[in-house]
Each structure stands twice: as structure tokens, then as C-alpha cells.
Amino acid sequence: MNINIPSAPMGLIHRLNGAGYEAYVVGGCVRDAIMGRTPSDWDICTGAMPQQVIDLFSDYSVAKTGLQHGTVMVIEDGVGYEITTFRTDGAYSDHRHPDRVEFVSDLREDLARRDFTINAMAYHPERGLVDCFGGREDLAAGLVRCVGDPDQRFQEDGLRLLRALRFAARFGFQVETETGAAIHRNRSLLDSIAVERIFTELKGFLVGQGVAPLLREYRDLIAQVLPELAPMFDFEQHNPHHCWDVWEHTVRAVEAVEPEIALRLTMLFHDSGKPDCFSLDENGVGHFYRHGHRSEELAAQMLTRLRCDNRLRKQVLLQVRTHDQPLPQTEAAGRRFLNRMGEEGALRSLAVHRADMQAQAPETWPEKQALLDNAENILRDLLAKQACFGIRDLAINGNDLLTLGYRSGPALGKELNRLLEQVLDGTLANCREALLKQGEKDLVTQERS
Ligand code: ATP
Ligand code: MG
């Protein structure tokens with residue numbers, strides 16, 4: 001096993017070694033390098049005590065925010081490298097934080113405190129791989145397995161329940177059987193974990209390539225965090241558009257959409273309001289009138305609880321609310337759609353409709369596909385033409401209206417909106433001349449009335 005360590009972390013290891021301290025790259029970077037992925041960051045563990053690390057790198061700029069956990073961040077060329085003293089974690093009486101960390105001299109003890117075998121390997125450029133828990137074998141088999149007794153490890157830190165799913169989703173791995181059983185058994189531990197940490201892991205999980213089978217198998221864990229989703233489980237739709245229950249449809253829709261977090265959250269939430277809106281007509285066909293609205297309410301509730309940032313929240317709620325509204329089929333409708341949704345929102349909406357369709361009964365696809373393709377052509381065309389969708393895009397502004405003789409104040413905005421309406425309808429061209437002419441006409445009309 002040979003890992004190519006970049007020169008910066010290699011230099012840090014050599015300096016530590018030269019001063020008589022053990023040092024390895026460890027954790028995620030070793031895992032990623034073995035998998036042939038490019039590690040996002042190179043973490044180092046060492047037998048040196050934190051103060052010794054600080055002294056040894058006194059000619060570097062260092063950040064000491066992680067010092068209570070034994071971490072010194074050494075900054076080289078603007079990149080931070082975490083150098084962490086070998087440590088064990090003491091008892092976890094709150095299922096979240098070790099009561100104290102203890103520095104140790106043995107690498108093996110440091111590896112033993114790590115969450116999963118694939119994350120518990122270290123590597124030294126001359127000594128090679130240190131893999132005490134079968135991490136390499138589990139990587140090859142595609143398994144996420146706790147280091148040690150899974151019940152105990154989850155009880156130490158409940159966040160590991162979600163971390164297990166996040167790593168499994170990211171790599172398309174399975175959760176090893178014993179670890180998986182412990183996840184189900186210990187799911188209530190999530191109740192005592194800070195929502196910010198939960199949401200970070202949940203987002204990482206949702207954008208993973210292998211999320212679908214895990215959403216099926218661990219829906220109890222998902223419902224522990226998002227109980228609003230549970231009514232979808234096994235909820236039959238009784239509708240010719242659908243051949244799957246609401247949860248299975250949801251899982252397929254999440255999988256079908258691009259792995260962008262706003263889109264993945266949208267698909268997860270988009271039909272959550274269906275169970276509340278269900279009705280059966282005289283022919284035995286199921287309907288879900290206004291479920292987009294109800295789904296939006298539930299999504300808002302969930303995102304509030306998760307302390308989702310405002311930007312992401314807005315993006316998701318817009319898509320959830322509009323997911324079952326028809327896409328524009330004419331240029332004028334396309335311009336109005338872009339005005340309402342914005343460019344980013346409109347393109348996301350195409351993705352949402354496509355994923356939703358792909359999670360519905362295949363015999364209904366061709367008709368939906370045609371509408372989708374048409375809408376996509378219209379929207380891409382308008383965007384390529386840089387057509388006008390908002391007041392900002394009009395070829396004139398308020399100052400031009402003042403020059404025409406309009407009075408400053410609300411009348412300006414009103415007239416700009418009036419002109420925009422006509423441009424959106426396609427009855428007025430978005431060019432200075434035409435707009436000024438129409439503006440002049442409107443002014444005369446207004447003065448007469
Ligand atoms: P990523 O690529 O997502 O950063 P990573 O493996 O580097 O993956 P981090 O959260 O950055 O994950 O953590 C670095 C390492 O620290 C992990 O590989 C693991 O060995 C250990 N670790 C992190 N969080 C925990 C935890 N909650 N319990 C036990 N070990 C942990
Ligand atoms: Mg990392």
C-alpha cells in the first residue's frame with residue numbers, strides 16, 4: 001500500500017519525526033487515498049503533546065481553537081493542517097461530548113476511539129499503513145462498521161448514527177449487519193444531539209450517491225429526526241399516475257434528482273403533505289388536493305427545527321410549493337414563470353418535475369416528458385435570448401420616466417410594472433424606443449382621467 005502524500009503534509013510529518021515524535025496522516029485522507037479519491041484535507045496525528053507541536057512550528061502561523069481536543073492547526077500556503085495529539089476519549093455521560101480527552105502515547109489507542117473501521121487507519125511514508133481494525137478489508141467490501149462494540153460506540157456519541165449513514169451514502173456502501181442493528185436500536189440517542197450537527201450530517205447523507213436504499217432501510221432513523229415524514233411510509237396512492245406508495249415514490253424522486261442539497265431536500269419533502277390531503281373519489285381513485293401547500297407547511301416546520309439557513313430554506317420551500325404546478329408551455333407563460341421563479345428557481349423546477357416524473361408510473365412518462373421538453377426548450381431559449389423577466393431587465397428605468405414628466409413616488413413603480421406586464425405578455429418589445437413611447441402614451445391617458 002503506497003499513498004502519495006502531498007509535499008506540505010509530508011514536510012510537517014518529517015519535521016515532527018526529526019524532532020523525535022511519531023507522526024502519521026490519519027482518518028478520512030487515508031480512506032480516500034486508498035479509494036483513489038482526492039482527500040479534501042490531510043489530518044495528522046502525533047505522539048507530540050500540543051505544546052510541543054506549537055513550539056516545533058513556532059515559525060508557522062498556527063490556530064489554537066481545537067487545543068482542548070489536542071488539535072493544533074498549522075497553516076501553510078493558506079491551507080490549514082490539523083495536527084492532533086494521540087488521544088482517547090473519556091466517558092461520554094451526555095452521549096455527545098467526552099467528559100475529558102486523555103493524551104496517550106500509543107497510536108493504536110488513538111485509532112480505537114475513531115468511529116468506523118474505514119476511518120481508523122493511519123499511514124506513514126516509510127512505515128506504511130497502520131490498520132488495526134480491518135479498515136482496508138471493509139473498504140474493499142464496501143462496509144461501514146463501527147470500531148468496537150457498536151451499541152457502546154453509538155451511546156458515546158449519538159451523532160455517529162447519522163455519520164454511519166452519511167459515509168454509506170457517499171460511497172454507496174452497506175452498513176455492516178451488527179452496526180446496522182445497533183443503529184435501529186439506538187435511534188432515540190439522536191434526540192439529545194444538537195440540531196446543527198444533525199442537519200450537517202443529514203445534508204451530507206442526502207447528497208450521497210447511495211442514499212436511496214438507506215432511506216428505505218433506515219426510515220425509522222429519518223423519522224426520529226423528521227417525524228413529519230412518517231405518515232408517508234406505506235401510504236398507498238390509489239392513483240393511475242403512481243405505482244408506488246408515497247414513501248417509495250419519495251425515495252425514488254430523491255435518487256432521481258441531481259445531488260444538489262436544495263433539490264434533494266425538495267424531493268424529500270415534496271409529497272410530505274399528501275397523507276393529510278388524501279381523498280378517495282366515487283371511482284376509488286385517490287386525490288391529494290392542495291398537497292403542495294401542505295407539504296410546504298411541513299417542510300417549513302422541519303427546516304425551522306433544523307435551523308436551516310434562510311437561503312436554502314427559501315429555495316426549498318419555493319420548489320416544494322410549486323412542484324405540482326404545470327410548467328410553462330408558451331413563451332409568454334415562460335416569461336411569467338421566469339419572473340416568478342427567477343432563473344435559478346426555474347431551472348431547479350425543471351429538475352424537480354423530471355425527478356418527480358421518473359418516480360411515477362412509467363406508462364405515464366411519455367406525455368409528461370413531452371411537456372417537460374417543451375418547457376425546457378422555451379425556458380432555455382428565453383434565457384439564451386436574455387429576455388426580460390423583471391423590472392430590473394427593462395430597457396428603461398425610473399429616471400427615464402421622470403424625464404418623460406412622471407412625478408417621483410409610487411407612480412413610477414406602478415408604471416414600470418405596467419410596462420413589464422406588457423413585455424411579459426409579448427405585446428410590447430423590451431426596447432427603449434417602444435417603452436418610452438408607451439410610457440408617454442400612458443402619461444397622457446393618466447393626466448386625462
Ligand atoms: P470527510 O471527508 O467528510 O471530512 P472524515 O473522515 O475526514 O470525512 P471528519 O468528520 O473530518 O471525517 O473527521 C475526521 C476523522 O475523525 C474521521 O475520519 C474519524 O476518524 C474521526 N472522527 C470524526 N468524528 C468522529 C466521531 N463523532 N466519533 C469518532 N470519530 C470521529
Ligand atoms: Mg475530514
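1. The hairpin of β4 and β5 has two residues between the strands, and D77 in this hairpin takes a positive phi near 50 degrees. The model is predicted, so that local features need pLDDT of at least 70 and side-chain atom pairs count only at pLDDT 80 or more, while totals for chains, interfaces and linings use all residues. Residues are numbered from 1 along each chain as its sequence is written, chains are lettered from A and ligands numbered from 1 in the order in which they are written, and side-chain values use heavy atoms, with hydrogens and water left out. Helices (H or I, at least four residues) and strands (E, at least two) are DSSP runs, numbered from the N terminus.

2. Strands β4 (residues 71-76) and β5 (residues 79-85) pair in the antiparallel sense over six bridges. Two strands are said to pair if DSSP finds at least two bridges between them. V72 has I83 in β5 as its bridge partner, and V74 stands opposite Y81 in β5. On the side of β3, strand β4 pairs in the antiparallel sense over three bridges; here V62 has V74 in β4 as its bridge partner.

3. What is the order of the strands in the open sheet? The seven strands follow the order β3-β4-β5-β2-β1-β8-β9, and the pairing is mixed. The edge strands, each pairing on one side only, are β3 (61-63) and β9 (128-130). Direction ignored, neighbouring strands of this sheet are turned by 35 degrees against each other on average. Strands of a sheet pair through backbone hydrogen bonds, either parallel or antiparallel.

4. Both kinds of pairing can be seen at β2. Strands β2 and β5 run parallel and are joined by three bridges; the bridge partner of I44 in β5 is I83. Strand β1 (residues 23-26), by contrast, pairs with β2 (residues 44-46) in the antiparallel sense, over three bridges. In that pairing A23 stands opposite T46 in β2. Helix α2 (residues 28-35) packs on the sheet, touching β1, β8 (122-124) and β9, and its direction makes about 65 degrees with that of β1. Axes are lines fitted to C-alpha atoms, for helices over the stretch in contact, and angles run from 0 to 180 degrees between N-to-C directions.

5. Neighbours within four places in sequence left aside, R31 is in contact with I118, N119, L139, F167, R170 and F171, where contact means heavy atoms within 4.5 Å.

6. E217 belongs to helix α10 (residues 211-217). This residue is partly exposed, with a relative accessible area of 48%. E217 and R100 lie 117 residues apart in sequence and 35 Å apart in space, C-alpha to C-alpha.

7. Helices α7 (residues 159-171) and α9 (residues 195-206) pack at an angle of about 20 degrees, and their axes are 8 Å apart. That angle makes α7 roughly parallel to α9; angles under 35 degrees count as roughly parallel, over 145 as roughly antiparallel, 65 to 115 as roughly perpendicular and the rest as oblique. The crossing of α7 past α9 is left-handed, a term used if the near helix is turned anticlockwise from the far one by less than a right angle, with right-handed used if clockwise. From α7, residues L159, L162, R163, L165, R166 and A169 meet R197, I198, E201, G204 and F205 in α9. By class, this contact of α7 with α9 has six nonpolar, one polar and four charged residues. Ala, Val, Leu, Ile, Met, Phe, Trp, Tyr, Cys and Pro count as nonpolar, Asp, Glu, Lys and Arg as charged, and the others, Gly among them, as polar.

8. How do helices α13 and α16 cross, and at roughly what angle? The axes of α13 (residues 261-269) and α16 (residues 310-322) come within 9 Å and cross at roughly 45 degrees. This makes α13 oblique to α16. The crossing of α13 past α16 is right-handed. I261, A262, L265, T266 and F269 in α13 meet L312, Q315, V316, Q319 and V320 in α16. The residues of this contact of α13 with α16 divide into seven nonpolar, three polar and no charged.

Note on methods. Buried means under 20% relative accessible area, exposed over 50%, partly exposed in between (1.4 Å probe, protein chains only).
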